[in-house]
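Biologist: I would like to learn how to read a protein model. Could you walk me through it?

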Amino acid sequence: MTVLERNNVKLGGRPDAPPMVFVHGFGCDQSMWREVAPPFADTRRTVTYDLTGMGGSDLSAYDPRRHAELQAHADDLLEILEALSLEDVCLVGHSIGATIALLAANRAPARVSRLVMVSPSPAFLEDAEAGYRGGFAREEIEGLVALLEENHLGWSMQMAPTIAGQPAESPSTVELTQSFCRTDPQIASHFGRVTFFADRRADFEKAACPALVLHCDKDALVPMAVAEWMRDRMPGATVEVLDATGHCPHMTVPETVVAAMGAHLGSP
């Protein structure tokens, strides 16, 4: 199995144009970009894929020991870029996918030229000693992960409305719930712990390329203080606050995300 098969890589847009690679978040798959990637097809080569262990990827390739570190997912991404011989890449990542994109860019700055980070967070955990307000106390994260490990379907139905920032019956919430529920429970529990306990502040502070950070002004997972931290601590970061609710603006207000990206990168 090739890396392109392993991660269910799909190509679109113009083969001769600068590449734009989309990295989805926890419990999701590449379909979450279906309203954002196509508008760039006339001016970019678009690449979508599923993180190892998610969506249509080869689930057997998910190694709990190796993928206990986010860098493993970043290395998977770099394998894809190398297999496609991509240079001058713009990586577009959502949530933990944005962190994965950042780690890949930091490891291969000659290959990745720009980042677009949708609802990123360097760390969800509070760090009172450092004055970092990530949004969650350790006991809150422990409870969140424990529920995910004990009742995957219940966690999915309970958390999807909060993460989407929409009513339970809204299309975005329903899609997110279904995506969470489709994820292999053991992988979801393992990757959930990796995601919610990750602290990559040091990597954000060493960002190797310019980044557009898109932050919703009403995000239950990532408070405004985190956006301000990134604005102040990430070299080359441009933080744009969207008038939007939830953690998934690429699903709930995709036209707003496309417009913000287009204004920063050049019209799609």
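Modeller: Gladly; we will take the sheet, then a pair of helices, then the cavities.
This is a predicted model, where local features need pLDDT of at least 70, side-chain atom pairs count only at pLDDT 80 or more, and totals for chains, interfaces and linings use all residues. Residues are numbered from 1 along each chain as its sequence is written, and side-chain values use heavy atoms, with hydrogens and water left out.

Biologist: In what order do the 7 strands lie in the sheet?

Modeller: First, the terms: helices (H or I, at least four residues) and strands (E, at least two) are DSSP runs numbered from the N terminus, and two strands pair if DSSP finds at least two bridges between them. Here the order is E1-E3-E2-E4-E5-E6-E7, in an open sheet with mixed pairing. Strand E1 (10–13) and strand E7 (237–245) are at the edges with a single partner strand each, so one side of each has no neighbour in the sheet. For a closer look, strand E6 (residues 211–218) pairs with E7 in the parallel sense over 7 bridges, and Leu212 stands opposite Thr238 in E7.

Biologist: How do I describe two packed helices?

Modeller: Two packed helices are described by the angle between their axes and the distance between the axes. Axes are lines fitted to C-alpha atoms, for helices over the stretch in contact, and angles run from 0 to 180 degrees between N-to-C directions. Helix H5 (residues 152–164) and helix H6 (residues 171–182) pack at about 145°, with axes 8 Å apart. Their contact (heavy atoms within 4.5 Å) includes Trp155 and Met157 of H5 and Leu176 and Phe180 of H6. Its residues divide into 10 nonpolar, 4 polar and no charged; Ala, Val, Leu, Ile, Met, Phe, Trp, Tyr, Cys and Pro count as nonpolar, Asp, Glu, Lys and Arg as charged, and the others, Gly among them, as polar.

Biologist: And how many cavities of 30 Å³ or more does a search of the whole structure find?

Modeller: Rolling a probe the size of a water molecule over the atoms shows where empty space is left. On a 1 Å grid over the protein atoms alone, a cavity is a set of points where a 1.4 Å probe fits but cannot get out, and lining residues have an atom within 4 Å of a point. Grid points are joined across faces, edges and corners, and a volume is the space filled by probe spheres set on the points. The search finds 2 cavities.

Biologist: What lines the largest cavity?

Modeller: The largest cavity has a volume of about 100 Å³. Of its 14 lining residues, the closest to the centre are Phe26, Ser95, Ile163, Leu221 and His247. The lining has 9 nonpolar, 5 polar and no charged residues. The second largest cavity holds about 30 Å³, and its lining includes Arg200.

How values were computed: On a 1 Å grid over the protein atoms alone, a cavity is a set of points where a 1.4 Å probe fits but cannot get out, and a pocket is an open set with protein on both sides within 12 Å along at least five of seven lines; lining residues have an atom within 4 Å of a point.
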